[in-house]
Amino acid sequence: MSHFQGLVCVLRAGGGLWWRGCGGCGGILSRCRPHPRRGCSSEATVAGAVSSSSSYVEEMYFAWLEDPTNVHESWDAFFRNRKGAPSPPAEEVARRPSTLLQGRVLSHSPDTTQKVVEDHLAVHTLIRAYQIRGHHVAQLDPLGILDADLDSFVPSDLITTIDKLGFYGLGESDLDRSFRLPHTTFIGGGETTLPLREVIRRLEASYCAHVGVEFMFINNVTQCQWIRQKFETPGLMRLGDAEKRTLLARLVRSTRFEDFLARKWSSEKRFGLEGCEVLIPALKTIIDVSSAAGVDSVIMGMPHRGRLNVLANVIRKDLDQIFCQFDPKLEAADEGSGDVKYHLGMHHERINRGTEKNITLSLMANPSHLEAVDPVVQGKAKAEQFYRGDTLGKKVMSILMHGDAAFAGQGVVYETFHLSELPSYTTHGTIHVVVNNQIGFTTDPRVARSSPYPTDVARVVNAPIFHVNADNPEAVVYVCRVAAEWRNTFNKDVVIDLVCYRRSGHNEMDEPMFTQPLMYKQIRRQEHVLKKYSDKLIAEGVVTLQEFEEEVAKYDRICEEAYTSSKDEKISHIRHWLDSPWPDFFTAEGEPKTMSCPPTGLDEEIMQHIGQTASSVPLEDFTIHPGLSRVLRSRADLVKARQLDWALGEYMAFGSLLKGGTHVRLSGQDVERGTFSHRHHVLHDQEVDKRTCVPMNHLWSDQAPYTVCNSSLSEYGVLGFELGFAMASPDVLVLWEAQFGDFHNTAQCIIDQFISSGQAKWVRNNGIVLLLPHGMEGMGPEHSSARPERFLQMSKDDPDHFPDFGGDFEVQQLYDCNWIVVNCSTPANYCHVLRRQILLPFRKPLIVFTPKSLLRHPDARSSFDDLAKGTRFKRLIPDHGPSGQSPDRVRRLIFCTGKVYYELSKERKQQNLENEVAIIRLEQISPFPFDLVRAEVEKHNSEAELIWCQEEHKNMGYYDYIRPRLLTVVANKRPVWYVGRDPAAAPATGNKSTHLNELKKFMETAFNLNAFQGRKA
Ligand SMILES: Cc1ncc(C[n+]2csc(CCOP(=O)(O)OP(=O)(O)O)c2C)c(N)n1
Ligand SMILES: [Mg+2]
């Protein structure tokens, strides 16, 4: 090995000896003090730095080997001297690069050519250090008082002093020496060599001015090169005069809009954008660039801050419609509770001025719960892409805006990022814009997050992060342009961190000086960005003062005129704020086209066909697991016997909807196989890696597609995503299945804020289905209860009001409710209720408590007859046994729901009480089937005891919901008795024998006909 090859090897392989434990310094090791909060960045990065420098030497070496005239004569002399020289001893090898990279000239080398190599390496290391850590030095805070990155470590090798040269073993005398530039930088433009002075100047301009680029953690060379080229190429960041004028005009609109609101409604909360007015030109730039690249639909989510401004100046909602929302006398035209003005959504199709192309912009309505809308936006964007066949996200894209505190603090942000690259969840790149006003309500960043930047969460998906000083509008626009180009080129997420400030308190009424006195003293002194930028353009001669003033006056006039016409608005139509209209599904007035629902049964032929597909492998030469062959064989036997188990019932529902053209999407943890191994919707070839087959997609050649996808291990993010997916179209059955129903509560925010109350707040329908495995089976406190009590407590049907049964009562009741809660006891009924979801003329969320042991219970089967043409979902299943034949003899009427029916039935048989006790199953719990329950009560002996029996504890389950409604049915004239588990804190015991004892005890009560005698209700 030559001396040189030895050196290269050391640089590559031997590095582990000296860089370990220290990386954030980009290879400059001895000075790096570990930062108490952050530590250093990855070893891989440093390894990259070294290998890049060494590869440059290597490049030279191989070029020289080919032909010595290929390289400069100093290299020629260097390699000539080294050729054939013995390899250096091991300890020298280990020591040399460290010395070298610290810039100290090897003391024993008198050779000047060697110094040339070492100096080149030093310069390359310096370049790399700027690329990796220049953002720490960048001037990002417009106020100039805070470190935008919360990192007290000062990278002394980068700060603009001459001392840093010594750090690299260079001196002042080297500043005017020319150095050859590596291929990993673009600062040269057309030049391949530059004087060191110019190298540093250009690097500082690229990485340490008003833009801080964080990207060197990305482990893809092409992407890194792309970013370097965008930020290093000389002159690329400069805007033309026309662009500057457009930017100024947008800044005028953004600023004057807030000023106008502040003038007219000085004591109203509006969460204004003051301090980050550039958000508007930023978004418009992203949309312009994306539109030019072919995007024609943008779905956005954002929090409160600046929302009205975005509606007015990005979405272009009519100003009078916005202004009238401030009128306290405005009456609500729509049913439902409505929402505050800075939560409402919007959908608008218009011509994009920049590109003269059509563009549809949707801003999703959202609750106060920060970041909750993120996955919802992604789901809706994914659905639009799916239905348009936009498999690469070239037509539809999403933009998410965030506050700095919420972006760092809310876990759903992380969950959403983790969906970004998953095949069934990716939206092919989201542009995230953080309004980083360096404060969250009254809390400083130093106590609000542990990461240096609020944006660090994005690093998990290798998204580049562009920090930019928001008081430099041109830098902001440039960064936005690059972000949009990045998304269009790589279809990956990207983050823009607008480092700004908040001119008022959290809202306009808040006093920020209580908590941030110094910051706000500075803010009071801070000149408005519009003033600074207009002065700049006037000084540059890009606009005249008069032109600027005219632009301001023109927009002020527009606001005034809109204000005048807003006074004519007497009624607020929330429908006009709908983010996801379904024009063909409803009438022009937004009403259902009918108020009835057809039967949900199926043709025998269809059932047979679906059943056969469900029991077979539709692909040739496909080897399935022998255990699965047994499953398919037993399915085939069931089909032959015209029987359905739970899995087949589901197959019938999905398959028949697919036949009718409805897309079905089932998502959740392990849903493809099914947590309980009963579903098997994706077959895996046992011989060929990753070869799979989804039989449901082989039913008919013209069927709708079936999507079944195992999700990431998230509930909040994934449920939000599916809700968004279901929002895009009424012609899809979207189902989210919890692994066990118990886990849905980590998605409680989506359930409370969107699913339960979404229609009331935002007048939009949603037909999402939640499948929540539920049942007390001795599996412990966290694998038993899907918490029916919580869903029922949020159901809005009145417990004390006995409704009129006019018209189609079933449909009317469904129309009036906020969601439907069912617990089906048979596969046929499960199939019916899923089909009803789609055959209804409107959409409501459906909560299904699904079984576990019943999946394979021999009694929990249905005949094909229960699903035959003309049949329907049974909201209540009467007792068809002996008690049903002679209802007069019945002494006890037990109402129940779900799996406990089978336990009750078995016990009744054992106790030989089939004539005395009737067991009635409530399949639809909410809205409560008052009509059918009353019929049951009236049919039976009026002296019979009324019992509600459940397997859940008394303070849980259904009892609190059922009891007042049953009492309403009997006009409070008869008592309703409770049979079930005693009240408890945990939903279930972890002890098997306690579990069985509890069951035994309440079964005894259920059939002890004297249990309630003499007791007061
Ligand atoms: C999940 C959630 N928790 C708490 C709040 C209450 N809250 C409203 S705004 C706010 C501060 C948000 O700070 P930031 O994300 O930086 O946005 P900014 O208001 O500064 O624009 C808080 C804590 C909320 N809306 N949502
Ligand atoms: Mg903030």
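**Entry 1: α10 and α11**

I looked up how helix α10 (residues 241-264) meets helix α11 (residues 279-292) in this predicted model. Their axes come within 8 Å and cross at roughly 130°. I therefore log α10 and α11 as oblique to each other. The crossing of α10 past α11 is right-handed. Next I listed the residues that touch. From α10 I noted L247, R250, L251 and S254. They meet I280, P281, K284, T285 and D288 of α11. I sorted the residues of this contact by class: 4 are nonpolar, 2 polar and 3 charged.

**Entry 2: whole-protein totals**

I stepped back to the protein as a whole. I counted 34 helices and 28 strands. Of the 1017 residues, 62% are buried. I then checked contacts between residues at least 6 apart in sequence. Of these, 80% join residues at least 24 apart.

**Entry 3: the sheet of 8 strands**

I traced an open sheet of 8 strands. Its order is β3-β10-β11-β9-β8-β4-β7-β6, and the pairing is mixed. Which strands stand at the edges? I found β3 (211-214) and β6 there. Each has a single partner strand, so one side of each is left without a neighbour in the sheet.

Helix α17 (residues 473-490) lies across β3, β8, β9 (430-436), β10 (465-469) and β11 (494-499). I read about 165° between α17 and β10.

**Entry 4**

I checked the pairing with β6 (residues 346-352) first. β6 and β7 pair in the antiparallel sense over 7 bridges. R350 stands opposite I359 of β7. The two strands form a hairpin, with 4 residues between them. In the turn I noted E356, with a positive phi of about 60°.

Then I checked β4 (residues 297-301). β4 and β7 run parallel and are joined by 4 bridges. Here M300 stands opposite L363 of β7. I followed β4 on to strand β8 (residues 396-403). β4 and β8 are also parallel, with 5 bridges between them. G301 stands opposite L400 of β8.

**Entry 4: α14 and α24**

I moved to helix α14 (residues 373-387) and helix α24 (residues 716-727). Their axes come within 6 Å and cross at roughly 45°. I therefore log α14 and α24 as oblique to each other. The crossing is right-handed. I listed the contact from each side. α14 brings P375, V376, Q378, G379, K380, K382, A383, F386 and Y387. α24 brings Y716, G717, G720, F721, L723, G724, F725 and M727. By class, I have 10 nonpolar, 5 polar and 2 charged residues in the contact of α14 with α24.

**Entry 5: the sheet of 5 strands**

I traced another open sheet, with 5 strands in the order β23-β25-β24-β27-β28. The pairing is mixed here. At the edges I found β23 (876-877) and β28 (976-981). Each has a single partner strand, so one side of each has no neighbour in the sheet. I checked how β23 pairs with strand β25 (residues 917-922): antiparallel, over 2 bridges. I877 has R921 of β25 as its bridge partner.

Helix α32 (residues 930-939) lies across β23, β24 (892-896), β25 and β27 (945-953). I read about 160° between α32 and β24.

Which helix did I look up against α32? It was helix α33 (residues 959-969). α32 and α33 pack at an angle of about 60°, with their axes 10 Å apart. I therefore log α32 and α33 as oblique to each other. Their crossing is right-handed. In the contact I listed F930, V933, R934 and V937 of α32. From α33 I listed R965, L966, T968 and V969. By class, the contact of α32 with α33 has 5 nonpolar, 1 polar and 2 charged residues.

Terms used: Residues are numbered from 1 along each chain as its sequence is written. Chains are lettered from A and ligands numbered from 1 in the order in which they are written. This is a predicted model: local features need pLDDT of at least 70, side-chain atom pairs count only at pLDDT 80 or more; totals for chains, interfaces and linings use all residues. Side-chain values use heavy atoms; hydrogens and water are left out. Two strands pair if DSSP finds at least two bridges between them. Axes are lines fitted to C-alpha atoms, for helices over the stretch in contact, and angles run from 0 to 180 degrees between N-to-C directions. Angles under 35 degrees count as roughly parallel, over 145 as roughly antiparallel, 65 to 115 as roughly perpendicular and the rest as oblique. A crossing is left-handed if the near helix is turned anticlockwise from the far one by less than a right angle, and right-handed if clockwise. Contact means heavy atoms within 4.5 Å. Ala, Val, Leu, Ile, Met, Phe, Trp, Tyr, Cys and Pro count as nonpolar, Asp, Glu, Lys and Arg as charged, and the others, Gly among them, as polar. Buried means under 20% relative accessible area, exposed over 50%, partly exposed in between (1.4 Å probe, protein chains only).
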